[in-house]
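Subject: Structure handover

Hi,

Here is the structure I promised to pass on to you. Please open it alongside this email.

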Amino acid sequence: MNSKEIPLNERIILALDVEKPEIAKEWVKKTESSLGFYKVGLQLFLAGWFDIVDWIIDRGHKVMVDLKFFDIPETVKLAMTQLNDRGVSFATVHGNDPIIRASLAARDGGDAGLKVLAVTVLTSFGEEDLRAMGMTQTIEDLVFFRAKRALELGCDGVVSSGLEAARLRQHLGKKLLIVTPGIRPGANVRNNDDDQTRIMTAEKAIVNGADYVVVGRPITRADEPLRVIGEMQDEIDMGLEKRSPS
Ligand code: C5P
């Protein structure tokens, strides 16, 4: 049923976008009966540094360190090396070929547990954001171009919205990990003043080929977070069934 043998409790990566490690720990304790994969991003990493990463891993969970490295190749290589050999599962990078290659050289010098994901185009970006940055391609074409390059260079996976996941899965094969943020329960089109633009339900993202969904506020701002997690996991199950060949 589940092509990469990913347990259901690891399909949702909970984005711990909180200002203090103590709050992150409360979220882990509150959700760990249902979840086993957490994301430490810029805010929490700056607040809790490696102590919070180690704490989550020591409790037996997986961690995605989402610092989206972007710098000259040597600096990215040295930064990525800091994530090696400490049990981190996923790390993120973006940039051109030399930057991606540098991050992969760091990964390959480590304990083989770290997977490098290339960020394609942030899920908060819309077409007009690309135009404002002087880019002429459509988002879909740019995501595809970057994901294809990332795969050819040896990345383990990419971060993309669910909207592009179908094309990536169809043309880039099964091996590529697709990690999808911008998940909004009950919404496949943007309908509020959310900063996320390219949004989708967990079910649709999974049907489209995502392996993991990254979810923050829909869970952390919910009145009943565990109920939202349960409903999303039901959706993921349905999505997996819909996409498997019958
Ligand atoms: O709260 P929300 O569900 O929008 O959180 C999404 C998370 O995914 C945030 O932590 C954000 O940094 C992250 N992310 C993203 N788009 C990417 C990569 C990561 O939204 N392309």
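Below are the conventions, followed by what was found.

This is a predicted model, in which local features need pLDDT of at least 70 and side-chain atom pairs count only at pLDDT 80 or more, while totals for chains, interfaces and linings use all residues. Residues are numbered from 1 along each chain as its sequence is written, and side-chain values use heavy atoms, leaving out hydrogens and water.

Eight strands, in the order 1-2-3-4-5-6-7-8, form a closed barrel with parallel pairing. From one strand to the next, the twist averages 25 degrees. Strands (E, at least two residues) and helices (H or I, at least four) are DSSP runs numbered from the N terminus, and two strands pair if DSSP finds at least two bridges between them.

Now the helices. Helix 11 (residues 225-243) lies across strand 1 (12-15) and strand 8 (212-215), at about 145 degrees to strand 1. Axes are lines fitted to C-alpha atoms, for helices over the stretch in contact (heavy atoms within 4.5 Å), and angles run from 0 to 180 degrees between N-to-C directions.

Helix 7 (residues 139-153) packs against helix 8 (residues 162-172) at an angle of about 40 degrees, the axes being 10 Å apart. The two are therefore oblique to each other (under 35 degrees is roughly parallel, over 145 roughly antiparallel, 65 to 115 roughly perpendicular, and the rest oblique). Residues making the contact include F144 and L151 of helix 7, and R167 and L168 of helix 8. The contact residues divide into 7 nonpolar, 1 polar and 5 charged, where Ala, Val, Leu, Ile, Met, Phe, Trp, Tyr, Cys and Pro count as nonpolar, Asp, Glu, Lys and Arg as charged, and the others, Gly among them, as polar.

Two backbone angles may interest you. Most residues other than glycine have a negative phi. W49, in helix 3 (residues 42-58), has a positive phi of about 45 degrees although it is not a glycine; at 53% relative accessibility W49 counts as exposed. K68, in strand 3 (residues 62-69), also has a positive phi of about 45 degrees, and at 30% relative accessibility K68 counts as partly exposed. Buried means under 20% relative accessible area, exposed over 50%, and partly exposed in between (1.4 Å probe, protein chains only).

Best wishes
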